[in-house]
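Student: I have a model open and would like to go through it piece by piece. Could you take me along, starting from the loops?

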Amino acid sequence: MSPLRFGCDTATSRSVRVNGLGLHLLESGAPGRPALCFLHGGAAHAHWFDLVTPAFADRFHVVSLDQRGHGESDWPRPAAYATEDFAADLLALMDHLGWKRMALVGHSMGGHNAMGFAAWHPDRVKALVIVDARPALPPERVDRMHERGRRPPRLHPSLEAALRSFRLVPKETAADPALLAHLARAGLARRDGGFKYRFDPACYGSRKPVDAWPLLPRVTAPALVVRGERSRVLPREIAERIREVIPKASVVEIAGAYHHLVLDAPAAFNAALGEFLAAHG
């Protein structure tokens, strides 16, 4: 089997300053082409799309963003992790890049943020792709998130120990182990005499996700809801309800995939996304 080819190998890694924060991004494709932005999930980072972005770099100006508190982006102080904060960063980033409109793809937390952004700024979104994300989080899940966020970040004594500790949440996956190892390495930084993952615990501890259900009718862009066939995060009935509430929406299911479907089945996801963007991107 040939080794995996990651988008970050050819993308430009850079940081831009918006809303008082340095936000890191991976950029590929040529400026001036249609804009395409990817938003990762909670406790993840821009490299989550490293097997996705290469499929679109020849047609789009592609950005995979480390959202605030994640990856190589800054941690806001005081902590500010409401959906409105993430959306404000995205709007400022678009203005910085000179993007008038974009196709916006978000997985999990990124999908939730994308829903809010598309509803609040419908004139800036040409196409919306919601990847295994719910419009509203159950209260008990938010409570667990807040509890997890009160724990200090774990310090690993060595790179090997840190890599062994890497787990997806939820843990179910069909992803290539080489991809998971790549994501783990990309998410680590040398700090305090050891290694820590690049994630601000306060993002969980002070997270304020909006209830996006009342917002969805305001989305004017064509939308695609993508769910993993085996996902417990986005049940089929909720995906269908999103399709009914957003005026121009459709649903596609990725066979055999769990919640982290961009990792589990990147080729199938790229095919579904490519077909949608060919019509609307």
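Tutor: Let us begin with P170, which lies in the loop between α4 (159-165) and α5 (177-186), where helices (H or I, at least four residues) and strands (E, at least two) are DSSP runs numbered from the N terminus. This is a predicted model, in which local features need pLDDT of at least 70 and side-chain atom pairs count only at pLDDT 80 or more, while totals for chains, interfaces and linings use all residues. Residues are numbered from 1 along each chain as its sequence is written, and side-chain values use heavy atoms, with hydrogens and water left out.

Student: OK, and what kind of peptide bond joins V169 and P170?

Tutor: The bond joining V169 and P170 is cis, with omega about -5 degrees. Another cis peptide bond runs from R77 to P78, with omega near 0 degrees, and P78 sits in the loop between β4 (61-65) and β5 (81-82).

Student: Back to α5, then: which of its residues are buried?

Tutor: The buried residues of α5 are L179, L180, H182, L183, A184 and A186, where buried means under 20% relative accessible area, exposed over 50% and partly exposed in between, with a 1.4 Å probe and protein chains only.

Student: What covers them?

Tutor: The cover over the buried residues of α5 includes α4, β8, β9 and α8 (261-264), judged by contact, which means heavy atoms within 4.5 Å. At the start of α5, a side-chain oxygen of D176 also comes to within 2.8 Å of the backbone nitrogen of A178.

Student: Now pockets: what is the volume of the largest one?

Tutor: The largest pocket has a volume of about 1,300 Å³. Of the 43 residues lining the largest pocket, G42, A43, R148, V169 and Y204 are the closest to its centre. On a 1 Å grid over the protein atoms alone, a pocket is an open set of points where a 1.4 Å probe fits, with protein on both sides within 12 Å along at least five of seven lines, and lining residues have an atom within 4 Å of a point. Grid points are joined across faces, edges and corners, and a volume is the space filled by probe spheres set on the points.

Student: Which element gives the largest share of that lining?

Tutor: That is α3, with four residues of the lining of the largest pocket. By class, this lining has 20 nonpolar, eleven polar and twelve charged residues, where Ala, Val, Leu, Ile, Met, Phe, Trp, Tyr, Cys and Pro count as nonpolar, Asp, Glu, Lys and Arg as charged, and the others, Gly among them, as polar.

Student: How much space lies in the second largest pocket?

Tutor: About 180 Å³ lies in the second largest pocket, and its lining residues include R5, F6, D9 and S28.

Note on methods. A polar contact is a pair of N or O atoms within 3.5 Å; within protein, one must be able to donate a hydrogen and the other to accept it, and residues adjacent in sequence count only if both atoms are side-chain atoms.
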